[in-house]
Amino acid sequence: MNNKRVQKQIRHKRVVKKIKRAGNIHRLVVFRSNKFIYAQLIDDSQSKTLASATDANIKEKKSKVENAKEVGKSLAKSALAKNVKKIVFDRGGYKYHGRIKALAEGAREGGLTF
């Protein structure tokens with residue numbers, strides 16, 4: 001019987017395989033803690049972070065899901081400023097639900113495609 005940690009590792013391995021098949025596209029990485037959500041846009045070919053966003057510095061506090069959507073929009077805005085439009089979404093083994101889904105929807109509304 002699998003516990004939650006093992007299930008997350010299995011999901012993460014599956015996501016990593018899909019990302020490697022995508023080739024040399026910029027990667028949107030998400031980390032979710034109990035309080036905040038963090039997102040980074042990474043260029044794996046140069047091993048550099050192109051843009052990052054978090055809800056830790058949002059002044060107007062709303063629900064966690066609404067803050068995650070704002071983080072996605074903010075990251076998309078800074079990515080478009082660097083002429084990045086197409087990305088691959090690395091959810092890090094988290095289920096595509098709740099705050100992760102809201103961040104992805106916010107990034108799509110901001111103009112990113114994945």
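Guide: What follows goes from the sheet to the helices and then to the salt bridges. This is a predicted model, in which local features need pLDDT of at least 70, side-chain atom pairs count only at pLDDT 80 or more, and totals for chains, interfaces and linings use all residues. Residues are numbered from 1 along each chain as its sequence is written, and side-chain values use heavy atoms, with hydrogens and water left out.

The sheet is open and has 4 strands in the order β3-β2-β1-β4, with mixed pairing. Strands (E, at least two residues) and helices (H or I, at least four) are DSSP runs numbered from the N terminus, and two strands pair if DSSP finds at least two bridges between them. At the edges are β3 (48-54) and β4 (87-90), each of which pairs on one side only. From one strand to the next the twist averages 20 degrees; axes are lines fitted to C-alpha atoms, for helices over the stretch in contact, and angles run from 0 to 180 degrees between N-to-C directions. Strands β1 (residues 26-32) and β2 (residues 37-43) run antiparallel and are joined by 6 bridges. V30 has A39 in β2 as its bridge partner.

Helix α1 (residues 4-22) packs on this sheet and touches β1 and β4, its direction making about 170 degrees with that of β4. Contact here means heavy atoms within 4.5 Å. Helix α2 (residues 64-81) lies across β1, β2 and β3 and runs at about 145 degrees to β3.

A salt bridge is a side-chain nitrogen of Lys or Arg within 4 Å of a carboxyl oxygen of Asp or Glu, and by this rule the count comes to 5. One of them joins D44 and R27, with the closest N and O atoms 2.9 Å apart. D44 is in the loop between β2 and β3 and R27 is in strand β1, 17 residues apart. R27 also meets D90 in a salt bridge (3.0 Å, N to O). Because R27 lies in strand β1 and D90 in strand β4, this pair ties together parts that are 63 residues apart in sequence.

For accessibility, buried means under 20% relative accessible area, exposed over 50% and partly exposed in between (1.4 Å probe, protein chains only). R27 and D90 are both buried, with R27 at 19%, whereas D44 is partly exposed at 38%. The side chains of K62 and E60 form another salt bridge (3.8 Å, N to O); K62 is partly exposed at 37%, and E60 is exposed at 54%. Through shared partners, salt bridges join R27, D44 and D90 into one network.
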